[in-house]
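Here is a short briefing on one protein model. Look at the structure first, then work through the points below.

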Amino acid sequence: MASKQPFTDSDTADEAVRATCDDASTCKRFATSKGYWTDLYVQYFVRQIGERKAPEINRGYYGRVRGMNLLIDAFLKKTQCDCQVVNLGAGLDTTFWRLKDENIMPKKFFEVDFPMIVARKIHHIKTKPPLSKPLIETHSTDSLLLDGHSLDSDRYCIIGADLRDLPALEEKLKKFQINPELPTLFLSECVLVYMTSEQSSKLVNWVADTFPTTMFINYEQKERFLSAGWESVNALDMMTVYSVLPREDVTRIERLEFLDERELLQQLLQHYCICWAVKDKLSLGEASI
Ligand SMILES: C[S@@+](CC[C@H](N)C(=O)[O-])C[C@H]1O[C@@H](n2cnc3c(N)ncnc32)[C@H](O)[C@@H]1O
């Protein structure tokens, strides 16, 4: 009998992984309702503000979102938006809508998640005009491709796929016109941790082998990121990220809620990191990001 690997064949394990998508977006919904940062769109994916979250959790999410956004925006600036973004395990993430509002959209923004999550996201987009309007506005013909498990428009595409099945992932990305020659930013925010290290290293290596000019931003526990095939890799633990965020804004959010145990926040922040790795065939100077 074939032995089972963790989170490989088990539907129950995959279901638990899919549930993490709701955890992330309900925490983001709560933190934005408190004013930690502005996200005009998360409310359309998570209606209820939900149960109160501890201030440590809210500050942790604040550092995570601000840190990821700083790197995303730096890549878009460096490439002058002449690039693609692929958000792996995107869940109910709202980055595409933020970039549209800030007028810094890449040529195309791809999202990938399990078909079940994608179907839910597409349902929200279809039924909520503030989500669908930006897609329609940035699309050149009257009809968008929309089926239960994928949505494709000129600037935004969402694909149902399992990130552990690389041939199928590659085929779907090609079907939706990914261009490997264009500078491409890959994002994985709390995603690789749900795979075995063999699976996540295959995914990271596939990106390095397929995209000559690329950057990979990964938010996660410290030990995970694998550098093979990448020209330069940087990692900052979240304690450091938090300390380099704009002071004025950090002071503002630290006034939002009283934090009893600073040590707990420090432990939480030290446990996570943001890593970014680059390959720069076009010599755009990505390593200086
Ligand atoms: C913790 S959530 C993070 C969601 C989003 N990146 C964020 O930070 O708000 C992890 C996401 O990764 C997705 N995911 C994990 N393993 C996956 C796999 N093998 N294939 C596709 N999606 C996966 C889950 O379905 C879930 O939406």
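A salt bridge is a side-chain nitrogen of Lys or Arg within 4 Å of a carboxyl oxygen of Asp or Glu. This is a predicted model, so local features need pLDDT of at least 70, side-chain atom pairs count only at pLDDT 80 or more, and totals for chains, interfaces and linings use all residues. Residues are numbered from 1 along each chain as its sequence is written, and side-chain values use heavy atoms, with hydrogens and water left out.

**Salt bridges**

- Side chains of opposite charge can pair when their charged atoms come close.
- The structure holds 19 salt bridges.
- One of them joins the side chains of Asp-14 and Arg-164, at 3.0 Å from N to O. This pair links distant parts of the chain, 150 residues apart: Asp-14 sits in helix H1 (residues 11-34), and Arg-164 in the loop between strand E5 (156-160) and H7.
- Helices (H or I, at least four residues) and strands (E, at least two) are DSSP runs, numbered from the N terminus.
- Asp-14 also belongs to a network of salt bridges with Asp-162 and Arg-164.
- Arg-120 and Asp-22 meet in a salt bridge too, at 2.7 Å from N to O. Arg-120 is in helix H5 and Asp-22 in helix H1, 98 residues apart.
- Glu-189 pairs with Lys-28, their closest N and O atoms being 2.9 Å apart. Glu-189 lies in strand E6 (residues 184-189) and Lys-28 in helix H1, 161 residues apart.

**Buried or partly exposed**

- Buried means under 20% relative accessible area, exposed means over 50%, and partly exposed is in between (1.4 Å probe, protein chains only).
- Asp-14 is buried, at 9%. Glu-189 and Lys-28 are buried as well.
- Arg-120 is partly exposed at 33%, and Asp-22 is partly exposed at 29%.

**Leu-173 in H7**

- Leu-173 lies in helix H7 (residues 166-175). Its relative accessible area is 1%, so Leu-173 counts as buried.
- Leu-173 touches Phe-110, Ile-159, Ile-178 and Trp-206, not counting residues up to four places away in sequence. Contact means heavy atoms within 4.5 Å.

**Helices H5 and H6**

- Helix H5 (residues 115-127) packs against helix H6 (residues 129-137) at about 85°, with axes 5 Å apart. Axes are lines fitted to C-alpha atoms, for helices over the stretch in contact, and angles run from 0 to 180 degrees between N-to-C directions.
- H5 and H6 are therefore roughly perpendicular, a label for angles of 65 to 115 degrees.
- His-124, Ile-125 and Thr-127 in H5 meet Pro-129, Leu-131, Ser-132 and Leu-135 in H6.

Methods:
Parallel < 35°, antiparallel > 145°, perpendicular 65-115°, else oblique.
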